[in-house]
Amino acid sequence: MKLFLTSYLAGTKGLAQKFLAQTDMQNILFIPTAANVEEYRGYVDEGIAALKEMGCVVAILDVATTPHNESVQAIKNSDCLCVSGGNTFFLLQELKRNGLLDLIKQKVQDGIPYIGESAGAIIACPDIAYNQIMDDKTVATELTDYSGMDLVDYYVLPHNGEFPFVETTAQTIKVYGEKINLVPLNNSQAVVVEGKKSAVLTEESLSK
């Protein structure tokens, strides 16, 4: 598997570019659905702009509004997936409601590169319930099963110590830190997974 799990794609652009260069993938299917229920969604445009600056061709797929058969076809035909941030519970609900989560998981296990930003990173974990301190789970009225794709055996905590999530990330660590294997990331860090190897990398390390 090839995973790039980040808090903030625009803040880890150098790391993402290095990751994509190693995969030789330039056509990216971008899923912005998690932002549908968020008041602020500027990071979606920033993420798309960052990918385009890397020379990528970006196709947008909102799984909440696109007919099921079109979503399935788009994911099946994709060379690389990028799932953006927003409300993790709404994102998981829409992927499960449309029967797409298992399809994405299978594609990633078959080897296509996966970029997960914030909510997109969290759904790669075994379960998303730990993120209920940061995200409002009540917006996902149909979601009863919080299990994620289980692509990694730890739990990414995005935006650690970053405004406006300073208190919610600290509280999440306090409540869940001894219960599950949390991997806190600030906005310039990403987890890069190659096969069975995982490493937390920092954007600043590229300039050293």
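Q: Which residues on the other side of α1 are exposed?
A: This is a predicted model, so take the picture as computed. Exposed here takes over 50% relative accessible area. On that side of α1, the residues are A21 and Q22.

Q: Within what arc do the buried residues of α1 fall, seen down the axis?
A: Helix α1 covers residues 13-23, and its buried residues are L15, A16, F19, L20 and T23. They line one face of the helix, because looking down the axis of α1 you find them within an arc of 130 degrees.

Q: Which strands are included in what covers the buried residues of α1?
A: The cover includes a helix, α2 (42-53). Strands are in there too, and those listed are β1 (2-6), β2 (27-31), β5 (114-117), β8 (189-194) and β9 (197-202).

Q: How many disulfides does the count come to?
A: A disulfide needs two cysteine sulfur atoms within 2.5 Å. For C56, the nearest cysteine sulfur is that of C80, 7.3 Å away. The sulfur of C82 has its closest cysteine sulfur in C80 as well, at 7.2 Å, which is too far for a bond. By this rule the count is zero.

Q: Is C82 buried or exposed?
A: The cut-off for buried is under 20% relative accessible area. C82 comes in at 0% relative accessibility, so it counts as buried.

Q: Which residues are the closest to the centre of the largest pocket?
A: That pocket has a volume of about 500 Å³. Its lining has nine nonpolar, seven polar and six charged residues. Of the 22 lining residues, the closest to the centre are E38, Y40, Y43, H159 and F165.

Note on methods
Residues numbered from 1 in each chain as written. Predicted model: local features only at pLDDT ≥ 70, side-chain atom pairs only at ≥ 80, totals over all residues. Heavy atoms only, no water. 1 Å grid on protein atoms, 1.4 Å probe; cavity = no way out; pocket = protein on both sides within 12 Å on 5 of 7 lines; lining within 4 Å. Points joined across faces, edges and corners; volume = space filled by probe spheres on them. Nonpolar A, V, L, I, M, F, W, Y, C, P; charged D, E, K, R; others polar. Buried < 20%, exposed > 50% of the residue type's maximum accessible area, 1.4 Å probe, protein only. Helix = DSSP H or I, 4+ residues; strand = E, 2+ residues; numbered from the N terminus. Arc of directions from axis to C-beta. Contact = heavy atoms within 4.5 Å.
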